[in-house]
Amino acid sequence: MTIRRILIAAMLIAPLAACNQRGPINVAADDDSAWYIGTMPDKPYDVPLVDTSRLDPKYRRRTVAYAGPERPGTIVVDIDQRQLALVQEGGTAVQYGVGVGKLGFSWKGEARVGRKGVWPDWSPTTTMVSLNPDLPRTRKGGLDNPLGARALYLYQGNRDILFRIHGTNEPWSIGEQMSSGCIRMLNEDIVDLYERVPVGATVLVKRNGRYRA
């Protein structure tokens, strides 16, 4: 299946996802396949690679100086800047561009990565099903799945708070505020983050320059 056909299929199912956009994205004048420059080997599917020259440079993955107080290994999501930082040793962080929820996070305080998924399945929340009983109860992972190549599932204590850091098959949404709440990354970036972050890693969210404590 070509990348273009994959993306068309993905756009048809995108409204089903709790972590996907609400409302249309204006990409009609653009050829979706122009966003891609090849693939990265992965199992069971190769990861389509994005032409990151199409992104604002501040949303491209890079290592930056970091002076925050967080311990190395902490994930810090800055809603306003549309950036996610993974704090490193030596006063640096790996920084990624993200797409964020239209209404921001509804959770506060500290979360942790409770589990991780490779080409994860997607399931609607109970609230979504109550609003739309015809939704499928699950969708298998794959190139057309709204969660993309990887997902980090956020927990507080032993409770899944239903927020995810995940891949996306809509690279044009990076840097935008359009989804219903989750944090989306380029698929190659979520693969990179997945490899760096263990289960149990701390996740903090920042808005207006402050943590939502």
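Is E170 buried or exposed? In this predicted model, E170 has a relative accessible area of 1%. The cut-off for a buried residue is under 20%, so E170 counts as buried.

Let me turn to its partner. E170 and R184 form a salt bridge, with 3.1 Å between the closest N and O atoms.

Strand 10 itself deserves attention. Of its ten residues, 159-168, seven are buried, so the strand is largely enclosed by the rest of the structure. Strand 10 runs parallel to strand 12, and four bridges join them; T168 has L186 as its bridge partner there. With strand 9, the pairing is antiparallel and extends over five bridges, A151 being partnered by H166. Two residues lie between strands 9 and 10 in this hairpin, where G157 adopts a positive phi near 65°.

I come now to the other salt bridges, for which the count is eight. D42 and R150 meet at 2.9 Å, N to O. D42 lies in the loop between strands 1 and 2 and R150 in strand 9, so this pair ties together parts 108 residues apart in sequence. Both D42 and R150 are buried.

D80 and R207 form another salt bridge, at 3.4 Å between the closest N and O atoms. Here the loop between strands 4 and 5 is linked to strand 13, across 127 residues. D80 is partly exposed, at 31% relative accessibility.

Finally, a network of salt bridges links R61, D189, D192 and R196.

Key:
Residues are numbered from 1 along each chain as its sequence is written. This is a predicted model: local features need pLDDT of at least 70, side-chain atom pairs count only at pLDDT 80 or more; totals for chains, interfaces and linings use all residues. Side-chain values use heavy atoms; hydrogens and water are left out. Buried means under 20% relative accessible area, exposed over 50%, partly exposed in between (1.4 Å probe, protein chains only). Two strands pair if DSSP finds at least two bridges between them. A salt bridge is a side-chain nitrogen of Lys or Arg within 4 Å of a carboxyl oxygen of Asp or Glu.
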